[in-house]
Amino acid sequence: MSRYSTVIFDLDGTLIDTKRGILSCLEHTFNTLGLPQYPEPDRFLGPPLPDSFRRFCGMSESETDEAVRIFRERYSGEELFNAEAFRGIPELLGGLKDNGYTLAVATCKVEKYAVSILAHFGIDKYFDAVGGSVPERTQKREVIAHVLETLGISDTSRVLMVGDRDNDVLGAGQCGIGCLYALWGYGSEEEARGSGALGTVRDTEECFKAITE
């Protein structure tokens with residue numbers, strides 16, 4: 001029997017491939033601000049958006065607020081569903097639910113966007129809780145803690161996180177949870193090795209086995 005009873009999934013790069021929409025909005029944001037395009041835009045895939053503008057672009061708080069406003073204005077309109085579910089995700093989620101697991105989502109994406117995306121791709125039905133970014137919680141650890149509270153979980157010994165970036169691993173660890181690193185997402189084997197993840201999974205079939213065995 002698996003040691004886990006609850007699995008918390010990241011969204012971007014783990015459940016849904018949202019890269020096209022995100023990078024399109026990023027390009028639009030820099031163009032609107034009259035700034036050169038950031039040379040490594042994939043670095044924006046995963047971490048909280050305001051943190052990325054500050055860290056990668058050296059923006060001040062006011063500049064960050066404006067960049068985030070421009071990005072989200074575009075994203076919430078024509079780019080929100082410019083995405084697709086990764087191969088095997090419905091089967092993975094359905095298989096876990098059939099085996100009695102409680103499933104949840106913890107993402108740094110704005111919570112209302114996350115809820116809409118999950119519903120659009122027809123996988124919202126698998127989750128007992130969805131936590132995302134709101135003004136009072138923006139960091140991964142804060143979102144995960146909120147999800148645990150929503151589920152009424154205080155003992156995290158049977159909870160597992162599945163994510164595709166090191167901030168997923170770090171946030172889970174700060175909440176006392178181990179994390180599987182999904183290599184089908186936006187990270188890399190090199191990042192996975194240095195992240196402290198419990199292990200890596202290359203596809204959804206391998207992920208199912210790692211959770212259930």
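Reader: What share of the 213 residues in the protein chain is buried, and what makes a residue count as such?

Author: In this predicted model, buried residues account for 49% of the 213 residues in the protein chain. A residue is called buried because its relative accessible area is under 20%.

Reader: How do you know whether the radius of gyration of the protein chain agrees with that of a compact globule?

Author: The rule takes 2.2 Å times the number of residues to the power 0.38. For 213 residues this gives a value near 17 Å, and the protein chain has 17 Å, so the two agree. The C-alpha trace spans about 55 × 30 × 30 Å along its principal axes.

Reader: Which elements make up the protein chain, and what makes a run of residues a helix or a strand?

Author: The protein chain holds nine helices and eight strands. A helix is called so because it is a DSSP run of H or I with at least four residues, whereas a strand is a run of E with at least two.

Reader: Why are the buried residues of α2 said to line one face of the helix?

Author: Helix α2 covers residues 49-57, and L49, S52, F53 and F56 are buried there. Viewed down the axis of α2, these residues fall within an arc of 100°, and therefore they line one face.

Reader: Against which elements do the buried residues of α2 pack, and what makes this a contact?

Author: They pack against α1 (19-33) and α3 (61-79); a contact requires heavy atoms within 4.5 Å. After α2 comes G58, which has a positive phi, near 65°.

Conventions
Residues are numbered from 1 along each chain as its sequence is written. This is a predicted model: local features need pLDDT of at least 70, side-chain atom pairs count only at pLDDT 80 or more; totals for chains, interfaces and linings use all residues. Side-chain values use heavy atoms; hydrogens and water are left out. Buried means under 20% relative accessible area, exposed over 50%, partly exposed in between (1.4 Å probe, protein chains only). The arc is that of the directions from the helix axis to the C-beta atoms.
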